[in-house]
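Please consult the sequence and structure below alongside the text.

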Amino acid sequence: MAGSKFNLKIQQFDKFCSFELAWGQGQQIVTTLAYPDELNFKYQEWQRIYLRFYSTALRGKVEEVGSLLAPSIDWRSELVKKETELLSEFYRWLRSAELYEIRAEIAKATRNIENSYINIFISCNSLGLIRLPWEVWEIGTDFGLSSSKIRIIRTSINRTRPFTPLSRYRSGKARILVILGDETGLNFQAEKQALKSLKQLAEVEFIGWQPQENIPELKNKIVQAITSTLGWDILLFAGHSNETNLTGGEIAIAPNVALSVSELERPLLIAKEKGLRFALFNSCNGLSIADKLIDLGISQVAIMREPIHNQVAGKFILSFIQALSEYKDIHTSLITASQYFKLEKHFTYPSAYLIPSLFGHPEADLFYLKNYGIKSLFKLFKPTTQEIAFIGTLLVISLILPLQNLLLQQRILLQAQYRQLTNQLAMKVSQPPVLLVTIDEESIIKAKISNPKPMDRRYLASLVNKLTAYQAKVIGIDYLLDRPHPQTDQILANSIKSAVESDKHTLFVFITDDDKSVLPEIASLNWSLEGEVTTYPWYVKLLPYNYFQTQQPWNFASVLALAKQLQQTSNPPLPQLNNNTDYFQTVKNFLISHKQSNKTFIKYQRSHEKIITLLSYNIHQIFLKPIIDFSIPPEQVYDSIPAWKLLESQTAPQNLQQQVVMIVAGGYDEAGISFDGEDNYDQENLPLAIQYWHPDSKVFTGGEYNAYMVHHFLTGRLVVPIPEVWLIVLTVILSKIWYLWQNNRKSTNWYLLILPTSFTGLYGLVSLQLYISSFAILLPLLLPSATLWYYVLSTIYKRKANE
């Protein structure tokens with residue numbers, strides 16, 4: 001059964017009751033409390049008035065319940081009053097302090113579910129306990145929770161047989177056997193009408209006593225029907241029934257003739273082996289019947305715990321069957337029928353909603369009718385061996401990351417060509433948002449730096465001084481400053497501090513890698529920021545999940561973008577040397593408390609890691625993770641100036657104060673953190689779109705890569721690729737529908753080619769434009785198109801083979 005499951009055993013010992021709650025891997029709570037005599041009294045009073053109100057046309061035998069009272073009494077009002085008193089006393093007992101821990105445990109489980117239920121299997125050891133209306137126990141109300149997610153299912157306290165699930169279920173329509181018992185004083189038209197409405201979903205067979213019929217023959221007919229070789233899914237009995245102590249209850253099959261459940265034990269076991277999963281006894285006093293059938297291994301049994309009026313039984317079966325025909329499980333259907341009496345028929349049939357109960361085996365799945373039409377349709381979709389081989393190959397290709405990256409690069413190259421061909425190169429901003437100060441080979445030679453690894457701190461200090469003089473507001477240093485250099489660290493530290501103390505309060509962002517961070521002697525994180533430099537090739541490194549709460553560091557590019565946009569907020573916290581708390585935490589607190597996140601890229605949902613993306617990592621996939629859009633020309637992403645030129649210039653680069661400035665390696669061989677050349681993509685590994693824009697490029701640096709990510713965060717340009725595997729599956733479904741449709745039509749092969757060709761061309765144009773548009777979605781082209789054309793060519797080939 002779906003959802004969490006608890007087993008609650010309730011046992012009465014003289015004046016006390018033991019409640020034993022069990023769940024999970026052997027966890028349990030046991031408590032004992034007094035059983036109130038007042039509850040028994042309230043039940044008996046309610047039952048007496050209930051039987052008096054429904055005193056005619058009951059589906060069972062009722063013993064004398066007292067002398068007849070004057071007819072002037074309003075029995076309905078009396079019944080409502082006694083029901084209220086009974087439930088009030090019942091609720092008072094169930095809210096006892098001794099049961100708090102049990103209620104709290106169930107409530108805790110309820111909070112942890114969303115689209116499911118908590119199933120509580122209640123078993124009782126005394127008839128007095130069993131008769132109580134446990135289904136109305138509102139467990140969650142004490143904790144402010146809705147009780148609609150908590151469902152009470154009864155079960156037998158003594159199960160002598162182990163539950164054995166069916167090795168296989170019946171195929172095709174459900175089969176329902178309806179046994180119509182003794183009709184004396186009753187009318188079964190409601191049952192017949194309700195069950196006829198299921199003719200599209202189930203095969204229904206009626207069996208029952210006919211006047212002048214021989215009783216032994218009738219019993220034999222019932223047994224043969226129950227043990228039919230075709231099997232049954234549902235057994236339904238309508239008529240008179242009663243509880244018995246030793247024979248598991250009895251059903252009246254003809255006037256003055258009853259058949260005990262014990263007599264039907266062997267036939268029922270055979271029926272269970274042939275697929276019987278649910279039994280409904282729309283008759284009186286069915287507690288012992290349910291107990292016996294659950295012990296026999298029937299998955300679920302619905303019964304009436306008290307005598308039930310014929311009209312109530314008819315209304316119940318109509319509501320129950322209606323819900324069942326809507327493919328609801330039998331428990332939901334029973335609850336629906338009970339709620340019908342409680343909410344819509346409480347004036348006409350008071351207390352009727354308290355009578356139905358479902359007994360079930362804790363290990364059994366709830367029965368429901370299957371949509372036979374859909375199932376039949378699925379058979380048409382059953383793939384051939386050739387389909388499995390071809391589509392399976394495409395699916396495998398779509399899940400191999402190196403092949404995905406290859407297809408991705410080809411697609412981005414196509415997008416770059418499409419941009420240029422359609423002249424869609426317009427920028428969202430007036431100038432590139434990033435300025436790269438590149439320490440290239442020429443800068444190293446001019447500065448007479450013999451070993452650029454690590455980069456000379458004095459040279460970095462001179463660049464910081466120059467940028468400070470030009471009033472740069474945000475400076476990112478794409479060099480790991482984690483190792484001490486006593487002779488030069490102080491020089492760089494003084495330059496950085498001077499920039500922070502300037503009237504622009506320059507904000508610095510440093511890189512971190514694993515546990516390596518900027519030396520505190522150079523800069524303090526109380527007035528600067530840092531970001532990690534780990535990347536996924538060709539993908540944007542997004543904000544971590546729960547980005548404001550997590551201690552996981554943000555990416556270097558996202559921190560740079562945030563630092564730039566922080567200046568656009570109202571009264572942002574400034575970096576100051578006397579700050580004594582973590583500056584990044586201060587920034588996050590500011591964005592939360594002042595609700596300023598909507599002024600930064602954080603407002604873009606695509607900038608955050610999604611659960612589906614995180615889960616996809618477990619299967620070595622990267623679902624819905626935005627890509628680096630190299631279809632945008634580099635000139636629109638960043639300006640670039642060699643470090644030596646910046647130092648020799650007398651005027652600031654244009655727009656420098658509006659840009660994020662990054663001091664980065666400019667392609668020299670030693671650039672990188674761990675080993676030579678790590679920071680560079682050589683000519684063989686250049687993004688294809690970059691080669692398209694700059695055919696003479698020989699290297700693409702990590703600084704340029706980060707510049708693209710900064711650009712994407714600042715402009716909201718986050719292109720989400722729809723996974724190839726998803727589109728293949730969708731195309732298979734749509735193509736299969738088209739394939740099946742075309743096989744039943746008379747049309748020429750030329751006609752078969754025109755529609756898919758037109759669709760493929762239109763889909764390609766839409767996909768290319770959708771990528772460039774503000775929707776920024778990448779729909780795969782190659783593999784979905786191959787899937788579509790496989791079915792097109794298969795249709796044509798099949799037609800030619802049949803000619």
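## Model confidence

This is a predicted model. The mean pLDDT of the chain is 89, and 92% of the residues score at least 70. Among the elements, strand β16 (residues 474-477) has the highest mean pLDDT, 97, whereas helix α11 (residues 372-380) has the lowest, 59. Across residues 61-70 the pLDDT is below 50; in the model, this stretch has ten contacts beyond near neighbours in sequence.

## Nonpolar cores

The largest nonpolar core comprises 86 residues, and F19, W93, I120, W134 and F320 have the most contacts inside it. Helix α2 (residues 75-94) gives the most to this core, contributing eight residues. A second, separate core contains 66 residues, including L560, L591, I628 and V719.

The surroundings of I120 can be described individually. When neighbours within four places in sequence are left aside, I120 is in contact with F6, L8, I106, I139, I150, R151, I152 and I153.

In the whole structure, 26 salt bridges are found. Side chains of opposite charge can pair when their charged atoms come close. R154 forms a salt bridge with E135, with the closest N and O atoms 2.7 Å apart. Because R154 lies in strand β5 (residues 150-154) and E135 in the loop between α4 (127-130) and β5, this pair ties together parts 19 residues apart in sequence. R154 is buried, at 3% relative accessibility, while E135 is partly exposed at 26%.

R151 forms a salt bridge with D329 (3.9 Å, N to O). R151 also lies in strand β5, but D329 is in the loop between α9 (310-325) and α10 (330-343), so the pair ties together parts 178 residues apart in sequence. R151 is buried at 5% relative accessibility, and D329 is buried with a relative accessible area of 17%.

A salt bridge joins K42 and E85, whose closest N and O atoms are 3.6 Å apart. K42 belongs to helix α1 (residues 37-53) and E85 to helix α2, so the link spans distant parts of the chain, 43 residues apart. K42 is buried, with a relative accessible area of 17%, whereas E85 is partly exposed at 25%. Both residues belong to a network of salt bridges that links E38, K42, E45, R48, K82 and E85.

## Nonpolar surface patch

V729, L730, I733, L734 and I737 form a nonpolar patch on the surface, and together they have about 430 Å² of accessible area. L734 is located in helix α24 (residues 724-743) and is exposed, with a relative accessible area of 51%.

Technical notes
Residues numbered from 1 in each chain as written. Predicted model: local features only at pLDDT ≥ 70, side-chain atom pairs only at ≥ 80, totals over all residues. Heavy atoms only, no water. pLDDT = per-residue confidence, 0-100. Helix = DSSP H or I, 4+ residues; strand = E, 2+ residues; numbered from the N terminus. Contact = heavy atoms within 4.5 Å. Patch = residues over 30% accessible without salt bridge, like charges linked within 9 Å, V, L, I, M, F, W, Y side chains within 5 Å. Areas by Shrake-Rupley, 256 points an atom, 1.4 Å probe, with all protein chains shown as cover. Salt bridge = Lys/Arg side-chain N within 4 Å of Asp/Glu carboxyl O. Buried < 20%, exposed > 50% of the residue type's maximum accessible area, 1.4 Å probe, protein only. Core = buried A, V, L, I, M, F, W, Y, C linked by side-chain atoms within 4.5 Å.
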